[in-house]
Each structure stands twice: as C-alpha cells, then as structure tokens.
Amino acid sequence: MIEVMEVTKKYGRKKVLDSLSFTAEKGEITCLIGVNGTGKTTTLKAIAGLVPVSKGKILIDGEPYNKHIYEKLAFIPDAPIMLPRMKIKDVILFMRDFYPDWNALRAKDLFHFFKLNENDRIGDLSKGNMAKVNLLLGLSLDVDYVLMDEPFSGIDIFSREQIADVFASGLVENRGVLITTHEINDIEHLLDKAVLLGDGKVLRKFYTEDIRSSEGKSVVDIMREVYRQ
Amino acid sequence: MKSFVKLVNFEINRFAKIYWSLVAITILSQFTSVFLTVHCYISQANGIVYHQSLPTAQLAYVKHYGSISFIDCFGTVWFMGPIALCAAAMVFYIFLIWYRDWYGKHTFIYRLFMLPVERWNLYLAKAASILLMVLGFIAVQIILLPVEHFFFNAITPRIYRMDMTVADAVLSFPYFNLLLPGAAIDFLFHYGLGFTVVLVIFTAILLERSFRMKGILLGLLYGFLSFVLFWTPDFLFEVLLPGVLHQQELLWIEVATTAIIAGYSILLGGYLIKYKATV
C-alpha cells in the first residue's frame, strides 16, 4: 500500500501540498483529480522520491524512501525523460541493463501493441508516441505500483483509446495504479477510487462504486459538486 | 559495483563524440605544430645557407642561430592550444554533466534518480567519468609525445637538430611539467587536488539543485570554506610558524587536508543527492 501521511511540500513560501493524506492500494486504480496547480504531479513526484517533502511521511508497503522503492514502483511522467538521441531500442536496452525487474517479454508485447518503430529516436517522437514509450517503460517493470502522470494529456483520440485499452488489459491487474488525469471520461469506468485535490489538500476521497450505488452519481458529478462550490 | 561501472560507461559514452573529436584535434594540431616548427626553421636556414653558398654554411647557421630541438615545437598555439581546449572542455563539462540532465531537451534526471541504485552512485559515476576522461587525455598525450618526437627526428636534418629525450623535453618545459609532473607523488598530488576541486564543485552544484537560490550562496560558501581549509596548513606553517615543518611534512599535511575535503564533499554530495536534490 502507498501511504501518504500528512505530507506538506513547500516551494519557497508557497505551500503546494498541505497536510495531504490518502492511501492507494495494490490491485486498485486510484485517480488523483484536481484543477491545474493543485499539486497532483508534485504528489506523484514525492511518492516516487523525486522531490523531498517538507513535512509528513510517505510509505511504500510500510517503508520510507530507499533505493528499493524503484523495485516496487514505476513512475510514468507526462514528459520525455530519456535522452533525445537515443533510439527506442537503445532505451529498451538501457532499461534492461539497469532494472533487474525488467520484463522483456512484456516490453516486446507492448512494443507491438503500440506499433512503435525501434529505430525511431526519442527526440523525434510525437507526443502520443512519447506517451506510449513512457507507458512501455513503466509497465514493463515487474513492480507492484505504477504512478502515471497525465497519460492522456495532449494526445490524439486514437492514441488515447490505445492507452485506455492498456488499463482494460491485464497489464495493470494486481498492481496499484495511481493516476492523475484531466481526461476523466476516458477511464472513469475503470477507476476504483478517486481523490479530489484542491490547494494541496484532499477535498474528498471516495470509492467510485460506492457513489455510483449509493448516490447514483459519476466521478464527474462529484467533481462538479466539489469544484463549483 | 556493477551498476556503478554501467553508470560510468554510460556517462562516458554520452560525451564520447566530443571527447574523440578533441583527441583528434589534439593529434592533428600537435603534428601540425611539429611540422610547422621544423618547416619554418629549415626554410629560414635554407634561405641563409643558400645565399652564403658555403659547404660549412649549415654548421655556421647552427652556430649563429642555434639548433632546433623537440622542445621548440611545444611553445606554439598549435601545440598548447588543443591542450588548453581539452582543459577548457573538461572544466565546462564539470558543470554540463549535471545541468544537462535538468535543463537538457528532455529531463533525464528523472530517469537517473529512478534507477534502482544508491543515488550517490550517480554522484561518484559522474566524478569518475570526469577523472577517467582527464586521465585519458593525459594518456593520449603520453602516447603522442614519443610519436611526435619520432616524427620530429624524421623530418629534421641531423645537422640542425639538437637531440633530447622526450622526458628531458617534457621536464624542461614549464607547462608540461605541470601537466605531467616528473615525480609520482607530485602527479598524485596535482591530480588528486584537481579531482578534489571537481568534487567540491559537484557538491556546490548539488547544493544549488537542492536549495536553488539559497543553494547558490551555500555552494559559493562551501567552495570558499573548502579553499580556506586547503590553504590553512600553508598559511599556518609558511606564514605564522615558518621553519617548524619540512617541505615534505607540509606536503603530507596538504595531502591529508585534500583527502578530508574530498571525503566530506562525497559525504555531503551523497546526502544531498539522496535526500535533498529535486527534479
């Protein structure tokens, strides 16, 4: 389980996260929702150990940050993070070299699923193909948790559908997925839990099935209620 | 250890094209220097000898104007220029090796930070890459010198030439003496000191990457304090208490001080990259 406990993050005097607390369990898809600047990406980066927090604790299966967390979680950012001159095949070799949990078979499957070209250079990829490569790199790791930052941001409808198909496939089964997205419609039916953020705080968190059955509302309905107040 | 070696290999490969270009420039430029130095000398000599038309004119020329030796090739821009260029490139690269990962077209620092290795391996791998590249340049120069010497001998007529060994030429030329010190202890001290400076800069960069604006000041302060610590034994035993220690003893104290600075730079750098540096 990913436990975010009373986490505060300040950039200078600005508080980006303010005593933020929530959990994300294995086998569930949890979505962090919020308008721009509410601290969604900072939260993912903090969980991935990429930005230190000012206060509070983040535990992955009960352990604080250490080098082994990257054997437990993969962070899939919304921007390219491999060198522009590297070809896709070089990137795959790089990952295979450094990550003991690299699953070459799954990487091959995803590579064909996304219809990528191994000789394409990272710097020449479109936004959609870059998102696919990032997904390939993250999902080919045999890790328990996957953090995805805006996987649908700025990409065409066909690529979005292809990426959404990944969620419906067995690739994220049994893993804990923590995702941030604006394009909630694409994956609303797949979500288990939603955490609504505002000004770095949790405004509301709920299981999607609960609000569907008890209140007959969708995630978007709840978003309207919370953010229009 | 395996990850560390992979990281060093990766870092060196990232700079390989520029590195080998610099090596190629050095080789071409230094051979050009040897050729031009000899060519100028012989042209001048031939001009004067031709006008005098005497069988002993060449000897007279050498007697009057002096002979040419291998060391004469060192003092040209063609010879020292590429060395300065390589040195400048390495100084520039000490900063670039970090900042390109944050400010490059793609933020590769995300991937580096997320590798399943102890983060201070990143710090040490970058430092080791710089050290290996510098030593690589030195190795290339050490290999080049005898070849250039052979080339010099091959194109210079015996009558004009003053023979000297490569070692003599290097030791007689002040800049080379700095680059390739004669004694092993001097070599270790010079390059150990240079490596320590790299570590101090690395740690200052990580202070900046951790605390941004405040980090710039902290980095400058850190560099200044390290500099003060390095000069403390010199100041103490050369200015305040002269004659208390022999030069050799002072040198060993300086070696120890340098090792302490290198040690705490690595410790602080390792701490910063693990707990404080941010993407």
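Author: In chain B, 15 residues of domain 1 are in contact with 11 residues of domain 2, where contact means that two C-beta atoms, placed from the backbone, lie within 7 Å. This is a predicted model, in which local features need pLDDT of at least 70, side-chain atom pairs count only at pLDDT 80 or more, and totals for chains, interfaces and linings use all residues. Residues are numbered from 1 along each chain as its sequence is written, while chains are lettered from A and ligands numbered from 1 in the order in which they are written.

Domain 1 of chain B covers 1-180 and domain 2 covers 183-279; these bounds come from an automatic or database domain assignment. The C-alpha centres of the two domains of chain B lie 27 Å apart.

On the side of domain 1 of chain B that touches domain 2, the elements giving two or more residues are helix 3 (77-103), helix 4 (109-113) and helix 5 (120-155). Helices here are DSSP runs of H or I with at least four residues, numbered from the N terminus. Helix 5 of chain B provides the largest share of that side, 7 residues.

By type, the residues on this side of domain 1 of chain B are 12 nonpolar, 1 polar and 2 charged. Ala, Val, Leu, Ile, Met, Phe, Trp, Tyr, Cys and Pro count as nonpolar, Asp, Glu, Lys and Arg as charged, and the others, Gly among them, as polar.
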